[in-house]
Amino acid sequence: MLSSIHLLQPHLLSLLRIISSLVLFSYGTQKILHFPAAASVPPMGSLSWIAGLIELILGFLVLIGFQTRIAAFVLSGLMAFAYFIGHAGKSFYPAQNGGVAAILFCFVFLYLVAAGAGPLSVDGLMKRNRAAA
């Protein structure tokens, strides 16, 4: 049983990368592309707007698995910054200060820095092509 689950590990890593970056990417589309529609969008050039631009661009790179470690490193830092700037001052407890998503994103992307993109990615495809050459 455990050996068959162990065989799924690389594909589950890819799934974690795809789902987490897709969710983060959707925050960027909402802030920058105004889709899906939001009650308020940050003004162009503001700190929230710049964060949205990073979420949009680097979230897409992590989604497709291109330059994943670098993009995930920046996104992990962005989410740590977002937590301390936007949430930590409200309360010590993430469940009370609304920072649960920021903390989870921070550590998921930090894990991707160490683990890489997984086999279902542009990085994985490039690695297989280099090995075949």
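The chain folds into six helices and zero strands. This is a predicted model. From the N terminus on, the order of elements reads α-α-α-α-α-α.

**Overall build**

The C-alpha trace spans about 50 × 30 × 25 Å along its principal axes. The chain has 133 residues, and 32% of them are buried. Its accessible surface comes to about 8200 Å². Carbon and sulfur atoms account for 76% of that surface. Now take the contacts between residues at least 6 apart in sequence: 63% of them join residues at least 24 apart.

Leaving aside neighbours within four places in sequence, Leu24 is in contact with Glu55, Leu75, Met79, Phe105 and Phe109.

**The salt bridge**

How many salt bridges does the model contain? The count comes to one. Lys31 pairs with Glu55, and their closest N and O atoms are 3.1 Å apart. Lys31 lies in helix α1 (residues 2-33) and Glu55 in helix α2 (residues 47-64), so the pair ties together parts that are 24 residues apart in sequence. Is Glu55 buried or exposed? Glu55 counts as buried because its relative accessibility is 5%, and the cut-off for buried is under 20%. Glu55 also touches Leu24.

**Around Tyr83**

Tyr83 sits in helix α3 (residues 68-86). Tyr83 is buried too, because its relative accessibility is 10%. Beyond its neighbours within four places in sequence, Tyr83 is in contact with Ala88, Phe92, Pro94, Asn97, Gly99, Ala102 and Ile103. With one of these, Asn97, there is a polar contact between side chains, at 3.0 Å. Tyr83 and Cys106 are 23 residues apart along the chain, and their C-alpha atoms are separated by 8.8 Å.

The table lists the pairs described above.

| Pair | Kind of distance | Value |
|---|---|---|
| Lys31 and Glu55 | salt bridge, closest N and O atoms | 3.1 Å |
| Tyr83 and Asn97 | polar contact, side chain to side chain | 3.0 Å |
| Tyr83 and Cys106 | C-alpha atoms | 8.8 Å |

Terms used: Residues are numbered from 1 along each chain as its sequence is written. This is a predicted model: local features need pLDDT of at least 70, side-chain atom pairs count only at pLDDT 80 or more; totals for chains, interfaces and linings use all residues. Side-chain values use heavy atoms; hydrogens and water are left out. A salt bridge is a side-chain nitrogen of Lys or Arg within 4 Å of a carboxyl oxygen of Asp or Glu. Helices (H or I, at least four residues) and strands (E, at least two) are DSSP runs, numbered from the N terminus. Buried means under 20% relative accessible area, exposed over 50%, partly exposed in between (1.4 Å probe, protein chains only). Contact means heavy atoms within 4.5 Å. A polar contact is a pair of N or O atoms within 3.5 Å; within protein, one must be able to donate a hydrogen and the other to accept it, and residues adjacent in sequence count only if both atoms are side-chain atoms. Accessible areas come from the Shrake-Rupley method with a 1.4 Å probe; for residues, only the protein chains shown count as cover.
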